[in-house]
Protein chains: 2
Amino acid sequence: MTEPTPQPADAASQIDFWFDFGSNYSHISVMRIEQEATKRNVKIVWTPFLLGPIFQSFGWNTSPFVLYKQQGAYMWKDMARQCAKYGVPWKQPTVFPRRAVLPLRVALIGADQPWIGEYCKKIMLLNFVADRDINASETVAEALADLGLPADEIIELAQSEQNKLRLRENTESAQALGIFGAPTFFVRGEMFWGNDRLDDALDFATRRINQWRDLGA
Amino acid sequence: MTEPTPQPADAASQIDFWFDFGSNYSHISVMRIEQEATKRNVKIVWTPFLLGPIFQSFGWNTSPFVLYKQQGAYMWKDMARQCAKYGVPWKQPTVFPRRAVLPLRVALIGADQPWIGEYCKKIMLLNFVADRDINASETVAEALADLGLPADEIIELAQSEQNKLRLRENTESAQALGIFGAPTFFVRGEMFWGNDRLDDALDFATRRINQWRDLGA
C-alpha cells in the first residue's frame, strides 16, 4: 500500500479524547496521544469522564475485565504486549479498576492548561506503574507539586460543587454520545473506540482517511 | 521505529486460527490470513468452532453486539472502516449473527485440504457481502461446487455423527483454552484475540517479536 502524502492539517483539526484514569487501555493512549497528535498537527481536547456509571448502565457493577475472567486474563497479557510494542512503561496494578474521581476532577480544571498532558501521564504512571492509590488527595497533590503547580489551590477548585457537577455532566454527555468504553475518540463527530483506533482517528482528523465519511462512518 | 530484518521462519512456525463463520471480525481475518501468513512463511491450522456455546457460558443468548446496543452500533461503523482499510469486500448483512453449523462442519472436513482457504473466503463473502443464509445446505453446496468439489459427498461426510462430534470437541477445546471470542489465534501456546492482533500473532510466529515470551505473554 502506498502511503498517502501527508496533507497540511485543517486549522480546525482536533480530536476529543475521552478517558478515565482507571481504564487500562486509556493508559496507553494517554502516554501516546500528545506525540502522535503533534506529529499530525491535531489539537487534543482532553475530556475526562467516569466510566463506572456507563458500565452500570449495562448492568455491570465493575469492569468487564473483572466480571469476565477469560477476558480479564487475556487483557493483562495484551496490556504487557501492547505497552512493550509502544514503549510505554507498565506494571500490572494490584487494584483494578481503581477509582479516579479526584484526579479526573483535577483533569477538568487543567483541561485547557499547558500542563494537562504531563499531569495525565503522571497520574497514569502512578496507577499503572507505581501501583499507587490515585484517588487519594496526597497522591494527586504529589503529582501536581511535581509539575510545580499549586496543588492545594487546584484540588480545592477541583472539589468545588460546580466542578463536581461538570464531571457528572461530562459523564452524561458520554452516555448521550453512545460511549461504552475508554479510551474513546471523536473526530468530526465520528466515534473511534480503543487505543487500537487512535492512529485511525488522528489520520481521520488530518483528512488522510477522508473516504470513511462516505462509508456511513 | 526501525523495521527488524525478517528472519527465516522456523520449520515448525504455525498459527492456529480459531474462527466461526457467523463472527464479523472473523470475516476480515479469513479474507486476510492466507496472504499475510504466506508472506511470513507461517502455516495456518484452520480450526472452526462454535462461538454460540461460549457466549452462552457468559450468560449471553446471542452476540454481545446484539445484547449491547451501543457496542453494536459502533461495531458496524468499525467494520465498514476496517474492511475499507484492508481492502476487504463488505456489506452489512440483514441477519446477525448467522448460524453457521453446517459450513463449519464442512470446514472441519476441509481443514487439511488445499481448498480450505478458498472455501472459507467463499462462505464469508456469502454471509458478509451476498447476505445469504450460509447455514442452508444449498448455499454450502453452491460454494463447494464453485470450487469444483463434490458437494454432496462432502456435505454427507460433514453431517456424519463422527464429524458433528468433532465440531463439539473443537468448541469444548476452545472453552478449555480460555477462548472468549473470534477470531482467536494461538502461536506457540500464546493467545491473540481479534483481527487487530493477527499481524502481531504472525510476527510472534516468525519470532520477530520474541521478547513477548518474557513478558509473561
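## Contacts and burial in chain A

In this predicted model, 74% of the contacts in chain A with a separation of 6 or more are between residues 24 or more positions apart. Chain A has 217 residues, and 43% of them count as buried.

## Secondary structure of chain A

Ten helices and four strands make up the secondary structure elements of chain A. Their order along the sequence is β-α-β-α-α-α-α-α-α-α-α-β-β-α.

## The sheet of chain A

The four strands of chain A form an open sheet with mixed pairing, in the order S2-S1-S3-S4. Strand S2 (43–48) and strand S4 (190–193) of chain A are the edge strands, each pairing on one side only. Neighbouring strands of this sheet are turned against each other by 25° on average, direction ignored.

Strand S1 of chain A, residues 14–19, runs parallel to S2(A) and is joined to S2(A) by six bridges. Opposite A:Trp18 stands A:Thr47, a residue of S2(A).

## The sheet of chain B

Chain B also holds an open sheet of four strands, ordered S2-S1-S3-S4, and the pairing is mixed. At its edges stand strand S2 (43–48) and strand S4 (190–193) of chain B; each has a single partner strand, so one side of each has no neighbour in the sheet. From one strand to the next, the twist averages 25°.

Six bridges connect strand S1 (residues 14–19) of chain B with S2(B), and the two pair in the parallel sense. B:Gln14 has B:Lys43 of S2(B) as its bridge partner.

## A helix across the sheet of chain B

Helix H10 of chain B, residues 198–205, lies across S1, strand S3 (184–187) and S4 of chain B. The direction of H10 is at about 10° to S3(B).

## Packing of H6 and H7 in chain A

Two packed helices are described by the angle between their axes and the distance between the axes. For helix H6 (residues 116–128) and helix H7 (residues 137–146) of chain A, the angle is about 135° and the axes are 10 Å apart. H6(A) and H7(A) are therefore oblique to each other, since an angle counts as roughly antiparallel only when over 145 degrees and as roughly perpendicular from 65 to 115. The crossing of H6(A) and H7(A) is right-handed.

On the H6(A) side, the contact is made by A:Tyr119, A:Lys122, A:Ile123 and A:Leu126. H7(A) contributes A:Thr139, A:Ala143 and A:Asp146. By class, the residues of the contact of H6(A) with H7(A) are four nonpolar, one polar and two charged.

Notes: Residues numbered from 1 in each chain as written. Chains lettered and ligands numbered in written order. Predicted model: local features only at pLDDT ≥ 70, side-chain atom pairs only at ≥ 80, totals over all residues. Pairing = 2+ DSSP bridges. Axes fitted to C-alpha atoms, helices over the stretch in contact; angles between N-to-C directions. Buried ≥ 20, exposed ≤ 12 C-beta atoms within 10 Å, placed from the backbone. Contact = placed C-beta atoms within 7 Å. Parallel < 35°, antiparallel > 145°, perpendicular 65-115°, else oblique. Left-handed = near helix turned anticlockwise from the far one by under 90°. Nonpolar A, V, L, I, M, F, W, Y, C, P; charged D, E, K, R; others polar.
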